[in-house]
Amino acid sequence: MEIAAPKKIKKHNVELQTEQKINVEKQTVIRSWYSFSTSVRIWKSTCLICNQTGNRSRLVYSDNVGQYPNWQWIDAGERFLMVFEALPERCITFDLYEDIPEPGEFHVKNILKNKLGVYDVPMW
């Protein structure tokens, strides 16, 4: 019985496909913290709003922060992470907005867009 040799994959094509996938899946990362210890939770309705287009980039992932309805305790300065869909190319500034049906939402206005898509945003 003869065993067939494995097909060779062109490394260049794999690299190109990976690069294209990364470009398609751009995301915006917010690293945040409070200057005091507190219980925190965020709602799935938290979003980024482009001030130039009005486009809303939805929250796709979070880490080290409670998701509504659950609260999570964080110490002063402890970081939590929120990952959102990509902002539009035309975006220059955007708001981080927790769109919720009760008082106490956060709203950080006029964050200047950068090329990396990663932002350090203190809450209070």
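Buried means under 20% relative accessible area, exposed means over 50%, and partly exposed lies in between, using a 1.4 Å probe and protein chains only. Keep those cut-offs at hand for the tour.

This is a predicted model, in which local features need pLDDT of at least 70 and side-chain atom pairs count only at pLDDT 80 or more, while totals for chains, interfaces and linings use all residues. Residues are numbered from 1 along each chain as its sequence is written, and side-chain values use heavy atoms, with hydrogens and water left out.

**Stop 1: the core**

Start by selecting Ile 30, Met 82, Phe 94, Leu 96 and Met 123. In the largest nonpolar core, which has 22 residues, these five touch the most other members. A nonpolar core here is a set of buried Ala, Val, Leu, Ile, Met, Phe, Trp, Tyr and Cys residues joined through side-chain atoms within 4.5 Å. In soluble globular proteins, nonpolar side chains tend to be buried together.

Now colour by strand. Helices (H or I, at least four residues) and strands (E, at least two) are DSSP runs, numbered from the N terminus. At least two core residues come from each of strand 2 (38-42), strand 3 (46-50), strand 7 (80-85), strand 8 (93-98), strand 9 (107-112) and strand 10 (118-122). Which strand gives the most to this core? Strand 7 does, with three residues.

Next, centre on Met 82 and show its contacts (heavy atoms within 4.5 Å). Leaving aside residues up to four places away in sequence, Met 82 touches Ile 30, Leu 59, Tyr 61, Leu 96, Phe 106 and Met 123, among others.

**Stop 2: strand 3**

Select strand 3, where five of its five residues are buried. Turn the view to check both faces: Thr 46, Leu 48 and Cys 50 are on one side, with Cys 47 and Ile 49 on the other.

Bring in the neighbours, remembering that two strands pair if DSSP finds at least two bridges between them. Strand 8 runs antiparallel to strand 3, and five bridges hold the pairing; look for Phe 94 as the bridge partner of Cys 50. Strand 4 is also antiparallel to strand 3, with three bridges, and there Arg 58 stands opposite Cys 47. Strands 3 and 4 form a hairpin with five residues between them, and in the turn Gly 54 has a positive phi of about 80 degrees.

**Stop 3: the salt bridges**

How many salt bridges does the structure hold? There are six, each a side-chain nitrogen of Lys or Arg within 4 Å of a carboxyl oxygen of Asp or Glu.

Arg 58 counts as partly exposed because its relative accessibility is 49%, and Glu 85 is partly exposed at 30%.

Move on to Arg 79 and Asp 120, which meet at 3.2 Å, N to O. Arg 79 sits in the loop between strand 6 (72-74) and strand 7, and Asp 120 lies 41 residues away in strand 10. With relative accessible areas of 42% for Arg 79 and 41% for Asp 120, both are partly exposed.

Finish at Lys 26 and Glu 89, whose closest N and O atoms are 3.7 Å apart. Is Glu 89 buried or exposed? Glu 89 counts as exposed, because its relative accessibility is 64%, whereas Lys 26, at 44%, is partly exposed.
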